[in-house]
Amino acid sequence: MKKKHALLDIARSLAVLAGRDLNQKAELTDANAYQWDGQNQNLLPITLVNYVDLALLLGIDNQKSILARNTEQFARGHGANNALLWGAKGMGKSSIVKALHADILNQAKQDTTLQRLILIEIHREDIQTMPSLMRYVSGLEAQFLIYCDDLSFDKDEMDYKALKSVLDGGLEGRPANVLFYATSNRRHLMPRDMVENETRAAIHSHEAIDEKVSLSDRFGLWLGFHNCDQATYLQMVSHYCEHYGISASQSELQSGAIEWAATRGARSGRVAIQFVRQLAGKKGRSLI
């Protein structure tokens, strides 16, 4: 931890020499999406976000409904919860965040009660700099949705304690215009032995229960994503083909899609679009 602080002090000193103040407020461009550069403590604009239409995300209707309501509340400046999207790979955890952001931007063109919603992606290795990011954007005339994909912590890592403080508000408190969404394959974000170590370290039994859910309990919303059944998977394939205008017989789609999923040992939205992409290439088509 001392080494991390030392590196941050060096970064600040270099920034001062370069004529830049790391504590200055963000200077936004016309872009509505950014990546957070934790090392240099600044925002990198993204002019073209890689997202899919919300309507294309099938098999997760309940998750879409709950997260859409939470995100829209936040975009209106109302109360909203940090959200943890956990579960099966390829079932749209990261896609739903980007799709909802794009959907709200489209709604805002007609609905003036929606404030400007900025999506900021923060990488897992930069989580320790989240307090700096929050200070960086606090007070600006926009709502900031900070998003971390594939968030988890390995044994002996201590960054999760800093995230706990951020999610709890800490002494500084989470700015009213900041919300945090994370995706993870793990419900508790850390290996079982880490959770058990924290449980054994607790003094009282109720503390053991609190530590059992430790980090993930700091999120107000838990949304689980699970592998889909075959019928839903085939519906995804058909829906993608229809959307991209790829013609194929029902038997060709069904047999090909089932074989494709079998070779990958899973059925998911990701597997469905991978099959459709392969089918498009076979037919001399593109998904663009």
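This is a predicted model: local features need pLDDT of at least 70, side-chain atom pairs count only at pLDDT 80 or more; totals for chains, interfaces and linings use all residues.
**The cavity**
- There's one cavity of 30 Å³ or more in the structure, and the largest cavity holds about 40 Å³ of space.
- Its lining is made up of L234, V237, S238, Q250, L253 and Q254.
- Two helices, α8 (230–244) and α9 (250–264), each put at least two residues into that lining.

**Strand β6**
- β6 spans residues 178–184 and is mostly covered, with seven of its seven residues buried.
- In a regular strand, side chains alternate between the two faces of the sheet.
- For β6, one side carries V178, F180, A182 and S184, the other L179, Y181 and T183, and all of these are buried.

**Neighbours of β6**
- Strand β3 (residues 83–87) runs parallel to β6 and is joined to it by four bridges; here L84 sits opposite A182.
- Strand β5 (residues 143–148) is also parallel to β6, with five bridges between them; in this pairing Y147 faces Y181.

**Cysteines**
- Zero disulfides turn up, going by a cut-off of sulfur atoms within 2.5 Å.
- C148 counts as buried because its relative accessibility is 0%.
- C228 has 10% relative accessibility, so it counts as buried too, the cut-off being under 20%.

Methods: Residues are numbered from 1 along each chain as its sequence is written. Side-chain values use heavy atoms; hydrogens and water are left out. Buried means under 20% relative accessible area, exposed over 50%, partly exposed in between (1.4 Å probe, protein chains only). Two strands pair if DSSP finds at least two bridges between them. On a 1 Å grid over the protein atoms alone, a cavity is a set of points where a 1.4 Å probe fits but cannot get out, and a pocket is an open set with protein on both sides within 12 Å along at least five of seven lines; lining residues have an atom within 4 Å of a point. Grid points are joined across faces, edges and corners, and a volume is the space filled by probe spheres set on the points.
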